[in-house]
Amino acid sequence: MIVLGLETTCDETAAAVVERDDDGRGRILSNVVFSQIDEHAAFGGVVPEIAARAHVEILDGLIAQAMRESGRHFAELDGVAAAAGPGLIGGLIVGLTTAKAIALVHEKPLIAVNHLEAHALTARLTNDLPFPYCLFLASGGHTQIVAVLGVGDYVRLGTTRDDAIGEAFDKTAKTLGLDYPGGPAVERVARQGDPERFALPRPMVGRPDADFSLSGLKTAVRLEAERQAPLSDQDVADLCASFQAAVADMVRDRLRAGLKLFRERFGQPMALVAAGGVASNQVIRALLNASALDGGTVLVLPRPELCTDNGAMIAWAGAERLAYGLTDTLDAAPRPRWPLDSVRKPTAPPPRPGFGPGSGSGFDLAGDPVPA
């Protein structure tokens, strides 16, 4: 099956076309992403109103480009997927409304995708990974350790009690006068720093649960910066390096706890999977492999451009759900808050090959089977 996917949850506007074979293997036919970093850089963070307007201005052109690069026509699609949450409400409305219009005009099923589920399933697109596996999701808005047991079947093992890791990188960068986005800026400057100069805390390390906490670490960086003021370039580099080392130590410990909980509840995971923008940090990526080995499993790490927000992950999640006949009505609402463990699960195995959307048996836009 062939699915068009739209991503507009935050400050990336993206469209992609993905193909899923009957045996569950996936192939990206096109994947177009436009980053709004320049529009938000002056404000040191994402401005929701600016993001929503940019999505309106850009999305139609990106869809046309994605369809053109895929070599497919709208009539060949088996479904249209859009991220319906969680995310910024303005962007969600733009993407979901556009997907509804395409689905209605071309009489295709609509799939309202949970953005976090899309991250969770990306490894099945890139690596053909079987269930179950353990997901470490770390971005500007989310930090979670999740047991991925099947399509629509997720158990949260750990989460942040305050700030996400990506947000902590952004706030640290802002405190130290670095550019937005903060993650790449902190990583770049940290290469010239001494990670042992400042004794920063490692929140939650050693606890039996798999939760995170970043607010105390952010405060510690701010207090050290105030004590050292005015900051030299070396002070900034050393603070960045010390902060990054503290995050890395915390992540490794929290993953150890999360994988232990996974094994106790669900047996040995097929892999440790990482997703989200933080997974692009080279220090974090290096420790993930060690964490997987410590947990007796392997690391599956999609390419960096597929770890951050993109349309291919939305299209793939739509295809995975469509294989089970899971579609949505045209009154599907955007959901700024949408916990991953509340996603609708399949009630039956996937239809046999040759039955389902685009097969001639047919599904209406409400997701209900219709007579052949």
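A search of the whole structure, a predicted model, turns up one cavity of 30 Å³ or more. A cavity here is a set of points on a 1 Å grid over the protein atoms alone where a 1.4 Å probe fits but cannot get out. Local features need pLDDT of at least 70 and side-chain atom pairs count only at pLDDT 80 or more, while totals for chains, interfaces and linings use all residues. Residues are numbered from 1 along each chain as its sequence is written, and side-chain values use heavy atoms, without hydrogens and water.

**Cavity**
- The volume of the largest cavity is about 40 Å³, taken as the space filled by probe spheres set on the points, which are joined across faces, edges and corners.
- Its lining (residues with an atom within 4 Å of a point) consists of Gln144, Val146, Tyr154, Val155, Arg156, Leu340 and Asp341.
- Strand 7 (143–150) and strand 8 (153–159) each supply at least two lining residues; strands are DSSP runs of E, at least two residues long, numbered from the N terminus.
- Strand 8 gives the most, with three residues.
- By class, the lining has four nonpolar, one polar and two charged residues; Ala, Val, Leu, Ile, Met, Phe, Trp, Tyr, Cys and Pro count as nonpolar, Asp, Glu, Lys and Arg as charged, and the others, Gly among them, as polar.

**Helix pair**
- The axes (lines fitted to C-alpha atoms over the stretch in contact, with angles from 0 to 180 degrees between N-to-C directions) of helix 7 (residues 215–228) and helix 8 (residues 233–266) come within 11 Å and cross at roughly 160°.
- Helix 7 is therefore roughly antiparallel to helix 8, the term for angles over 145 degrees.
- Helices are DSSP runs of H or I, at least four residues long.
- Leu217, Val221, Glu224, Ala225 and Gln228 in helix 7 meet Asp235, Leu239, Phe243, Ala246 and Val247 in helix 8, with contact meaning heavy atoms within 4.5 Å.
- This contact has seven nonpolar, one polar and two charged residues.

How values were computed
1 Å grid on protein atoms, 1.4 Å probe; cavity = no way out; pocket = protein on both sides within 12 Å on 5 of 7 lines; lining within 4 Å. Parallel < 35°, antiparallel > 145°, perpendicular 65-115°, else oblique.
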